[in-house]
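I am opening a notebook on a structure that is new to me. The entries below record what I looked up.

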Amino acid sequence: MKELEKSKPVVLTGDLNCAHEEIDIYNPAGNKRSAGFTEEERQSFETNFLNKGFVDTFRKQHPGVVGYTYWGYRHGGRKTNKGWRLDYFLVSECIADKVHDSYILPDVDGSDHSPIGLILKL
């Protein structure tokens, strides 16, 4: 991504399978050893994306907001909002100030993940 960024700003989106911060997961204390929330995965997310100049747009726009993008089917997580934020828009730092909004659409059914959106004003 850093190589691509040499020629143009980068927008990376998708299910990155990591709830980066404690606010990004229901019951962080009980999930410390769960795949997607291990210390190693969270550190890797920080090292390989955030420390290299990519910005988590949702967290920048909504620093204290609890918002989940994934709920497991097994225990009815969506009904009780026991979820994880695994889906992201990460952008190059050079366009982070162009982010007008980054949002989650938790009421859209049809998957164990919800859609996310990004509005850039270029």
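Which helix and strands each supply at least two residues of the lining of the largest cavity? I found α3 (57–61), β3, β4 and β5. Helices (H or I, at least four residues) and strands (E, at least two) are DSSP runs, numbered from the N terminus.

**Ground rules.** I am reading a predicted model, where local features need pLDDT of at least 70, side-chain atom pairs count only at pLDDT 80 or more, and totals for chains, interfaces and linings use all residues. Residues are numbered from 1 along each chain as its sequence is written, and side-chain values use heavy atoms, with hydrogens and water left out.

**Cavity.** I searched the whole structure and got 1 cavity of 30 Å³ or more. The lining has 13 residues, and Phe58, Asp87, Ser102, Tyr103 and Ile116 are the closest to the centre. A cavity here is a set of points, on a 1 Å grid over the protein atoms alone, where a 1.4 Å probe fits but cannot get out; lining residues have an atom within 4 Å of a point. Grid points are joined across faces, edges and corners, and the volume is the space filled by probe spheres set on the points.

**Binding site record.** Next I checked UniProt. Its unreviewed entry places a "binding site" at Asp15, Asn17, Asp112 and His113. These positions spread over 99 residues of sequence, yet they cluster in space, with a largest C-alpha distance of 12.9 Å. UniProt positions are in the numbering used here, feature names are shortened, and annotations may be inferred rather than shown by experiment.

**Histidine 113.** I located His113 in the loop between β4 (99–104) and β5 (116–120). Is His113 buried or exposed? It is buried, because its relative accessible area is 18%. Buried means under 20%, exposed over 50%, and partly exposed in between (1.4 Å probe, protein chains only). Beyond four places in sequence, His113 contacts Asp15, Thr69, Tyr70, Arg78, Leu86 and Asp87. Contact means heavy atoms within 4.5 Å.

**Two asparagines.** Asn17 sits in the loop between β1 (11–15) and α2 (39–48). I noted a positive phi near 55° there, in a residue other than glycine. Asn17 is partly exposed, since its relative accessibility is 47%. Asn81 has a positive phi of about 55° and is not a glycine either. I placed Asn81 in the loop between α4 (77–80) and β3 (87–92). Asn81 is partly exposed at 39%.

**Aspartate 56.** This residue belongs to strand β2 (residues 54–56). Asp56 is buried, as its relative accessible area is 8%. Where does its side chain reach? I found the backbone nitrogen of Phe58 at 3.4 Å and that of Arg59 at 3.3 Å.

**Core.** Last, I listed the largest nonpolar core. It has 8 residues: Val10, Leu12, Cys18, Phe45, Phe49, Phe54, Tyr88 and Leu90. Such a core is a set of buried Ala, Val, Leu, Ile, Met, Phe, Trp, Tyr and Cys residues joined through side-chain atoms within 4.5 Å. Among the contacts of Phe54 beyond four places in sequence are Val10, Phe49 and Leu90.

Notes
A polar contact is a pair of N or O atoms within 3.5 Å; within protein, one must be able to donate a hydrogen and the other to accept it, and residues adjacent in sequence count only if both atoms are side-chain atoms. On a 1 Å grid over the protein atoms alone, a cavity is a set of points where a 1.4 Å probe fits but cannot get out, and a pocket is an open set with protein on both sides within 12 Å along at least five of seven lines; lining residues have an atom within 4 Å of a point.
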